[in-house]
Amino acid sequence: MGHHRTTNWVLLGILVVIFIALMASTELWAVTLRFLFPEETQVIHPRASPLALLLEHLALVAISSTITILVGVPLGIWVTRPSGRDFLPIVSDLTSFGQTFPPIAVLALAVPILGFGVVPTVFALFLYGLMPVVRNTIAGLNAVPHHLLDAAYGMGMSRFQALLRVELPLSMRVILAGIRISVIINIGTAMIGAAIGAGGLGSPIVAGLVLDNLAYVIEGALPAAILAVLVDRLLANVENSFAY
Amino acid sequence: MIRLEHVTKVYGETTAVNDFSLEVAKGEVCVLIGPSGCGKTTTLRMINRLIEPASGKIYVESKDTSQLKPERLRLSIGYAIQSVGLFPHLTVAQNIATVPDLLRWEKPRIGRRIEELLALVGLPGEYARKYPKELSGGEAQRIGVARALAADPPILLMDEPFGAVDPLTRERLQAQFVRIQQELKKTVILVTHDLDEAIRLADRIAIMAAGKLVQYDAPETILSKPINKFVHDFVGTDRALKRLSRISVKGYIRQSPSVNIYASMAEVLAACEKCRWIWVVENDGELVGWIDRAILLPETTIKEAIVAVRAEEIAVTTGATLREALSRMLGQGFRSVPVVDDRMRLIGEITLRDIEAVTAETEST
C-alpha cells in the first residue's frame, strides 16, 4: 500500500516535469504546429508563450479555488454545527443555484459591475466551483459515525476539539473529493475568462475561433486537457492519503 | 464517590428517569440494570452531563456537577461505551493518549502511560502502533477500557463495555475487569442488560424499571431477597444458580480423606473406613488421582487401584466459585470436587450436599 503510493507520486512527478518542459519549449510548439498546419501564417498566439499562458491559467484557477475552499469549507462546517444547522437548506439551495447558473451568464452580469479582466472571472469561477466543496463538506461531516462523537464528547473534548481531532480528519477524504471536482471544473471553466480579457489558456482558443486558426485552438485546448488530467491525479493522490 | 439526588429527565411526554436517587461509594462497582428503555443509559449519561437532567442534583467526588464546566467534568471521568468508539484515523497509542493529550501531559509521560495501560489490559507493546481496524473485537474493547483509564480518573462510566463481543471473549474481558478493578479500586458505574455480567462484576446492583430505582443491593441480596415480583421475575428462575456464581468455594471446603501414593494398602483402608472414595496425593501434596474403595481388594496395590487424573481437569482452585465447583461435579459425574491450591496441592473438597444447602437457602425465600 505505502509502496504503491510512493510509486504513484514519483510517476506523477515525472509527468509534471515533462509537461512543464514541453510547455516551456515554445520552439517545439512552433515546429510541431507548423508541421500540422502548414497553411496557417501564424501558429503561436502572439499574446504570450505557451508556458506564460499556462501560468496565467493556473493563477486564475489557484485564486478562484483558494477563495472557493476558504469560503466553502467553513460554510459547510458552519451549517453542520448547532448554531448554523437552521441555514443548511438555504445554503444548499444557494450553492446549487450557483452551479446551475451558467458561468458565462455570471460573466455577462459581473462585467458591468466589476469591469473586465481577472476579477469578474475569478468571481464567476468562485460561484461555479462552490457547490461541490460545500456539498461534500456537509456530506463528509454528516457521515462521521455518531458513536465516535459520543466517545469524543464523553472523554471531554469541546465541540471545537472534536471538530479538529475527529470530524475533520474523518471527513477529509470526502471534502478533498469535493475540492478536486471543484478545481477540475475551474480548470475547464477558466477558459471563458479569456472572453473578457482575463488571459490564460482560453486566449489562444478564443483567438483561434475568431480567426479560424485551428493551431491556436490546439495551443490552448491540449495543455488545458493535460493540465486537468494531471491536477485530477495529483489531488486524487492527496485524497487517498486520508483513507482509513 | 457518586451521588444522585432526585434526578429526573423528561423527553416530551415520557419520563425517562423519574426521581432517581443513588449513591455509589468510593471504590465500588455499581451495575445499573433493567429492561431496555428503563432509563439506565440516560442515567449514566447524566452523570457526565452528556444529557442534562431536568431536575435533581448529581455529585461527583462531592462536587455538584451542574457547577462544573462539562468538558472539565468529563476529563476527570473515564468513559467506555459498547461501540468502543476508537478513532479509526488514530493509532492505538494516539487513541489511548486522547485524554492525557487534552490535559496537555508531556510526551514522555504519555508514552510511559500507554505502555503501562497496554500491559494492564494484557496486550503487547507493539499494539501501540496498530490502527483500530487491525484489532479484533475483544482487543478493541480492551483498548477502549485502556483509553477510559488513561488519565487515571477516579471514576469510570461504562455503557455495556463488553456488549459487542462473543460470549467467550466477554467472559475473558469480565474476568480481566475484575482483576483490574481489584488493583485500581475505581468508582465505577456500569450499565448492562446482562444479569450474569452484573452478578459477576457488581459490588452493588441497581435494578431499574420505567425510570425508577426498584432495588439497590449487593448481588447476593438481590438474588436471595428480591424486593418484589418484578425483581423476582427479572432475576429469573435460575437465580439460585446465579447466586452460586457469587459465592467463593473458600467457605465450604471440607477436610477430605487422602492418602499418599506410596502408602500401603492397610493405610488406605484405615484412612477411609467409612468413605467410599479417597483422593491420592504425591509426597508434595499434589493431587494425582483417586481410589474407589468398592473395587479395592486386599491384594491390590495403590498403583493398580488408582484412577490417575490431571488435577487441573477435575479440581477447582480456592479462587473458584460454587457455580464452577458445581459444573465440575456435573461434568465429571462426582458428588464432590477436590479443591487445590495454585500448585495443585490438595486442600479439601466441596460436596454436592453443601451446594444443595446453599441453593435451598435461595429457594426458601
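## The model and its conventions

This is a predicted model, in which local features need pLDDT of at least 70 and side-chain atom pairs count only at pLDDT 80 or more, while totals for chains, interfaces and linings use all residues. Residues are numbered from 1 along each chain as its sequence is written, and chains are lettered from A, and ligands numbered from 1, in the order in which they are written.

## Chain A

Chain A has ten helices and zero strands, where helices (H or I, at least four residues) and strands (E, at least two) are DSSP runs numbered from the N terminus. The C-alpha trace of chain A spans about 75 × 50 × 20 Å along its principal axes. Of its 244 residues, 41% count as buried, a residue being buried if 20 or more other C-beta atoms, placed from the backbone, lie within 10 Å of its own. Among contacts in chain A between residues at least 6 apart in sequence, 72% join residues at least 24 apart; two residues are in contact if their C-beta atoms, placed from the backbone, lie within 7 Å.

## A helix pair in chain A

Helix α6 (residues 118–142) and helix α8 (residues 159–189) of chain A pack at an angle of about 160°, with their axes 8 Å apart; the axes are lines fitted to C-alpha atoms over the stretch in contact, and angles run from 0 to 180 degrees between N-to-C directions. The two helices α6(A) and α8(A) are therefore roughly antiparallel to each other, a term used for angles over 145 degrees. Residues that make the contact include A:Leu125, A:Tyr128 and A:Pro132 of α6(A), together with A:Val174, A:Ile175 and A:Ile181 of α8(A). The residues of this contact divide into twelve nonpolar, nine polar and two charged, where Ala, Val, Leu, Ile, Met, Phe, Trp, Tyr, Cys and Pro count as nonpolar, Asp, Glu, Lys and Arg as charged, and the others, Gly among them, as polar.

## Chain B and its strands

The secondary structure of chain B comes to 16 helices and 17 strands, and its C-alpha trace spans about 85 × 50 × 30 Å along the principal axes. Of the 365 residues of chain B, 39% count as buried.

Strands β15, β16 and β17 of chain B form an open sheet in the order β15-β16-β17, with mixed pairing; two strands pair if DSSP finds at least two bridges between them. Both β15 (316–317) and β17 (346–351) stand at the edges with a single partner strand, so one side of each is left without a neighbour in the sheet. Two bridges join β15(B) to β16 (residues 336–340), and these strands run parallel.

Elsewhere in chain B, β12 (residues 277–281) and β13 (residues 287–292) pair in the antiparallel sense over five bridges, with B:Val280 opposite B:Gly289. The two strands form a hairpin with five residues between them, and B:Gly285 in the turn has a positive phi of about 95°. Strand β13(B) is also joined by two bridges to β14 (residues 307–308), which runs antiparallel to it, and here B:Trp290 stands opposite B:Val307.

## Where the chains meet

In the contact between the chains, 15 residues of chain B touch 15 residues of chain A. On the side of chain B that touches chain A, α2 (70–75), β6 (77–81) and α4 (98–102) each supply at least two residues, and by class that side has eight nonpolar, five polar and two charged residues.

Notes:
Angles under 35 degrees count as roughly parallel, over 145 as roughly antiparallel, 65 to 115 as roughly perpendicular and the rest as oblique. A residue is buried if 20 or more other C-beta atoms lie within 10 Å of its own, exposed if 12 or fewer, and partly exposed in between; C-beta atoms are placed from the backbone.
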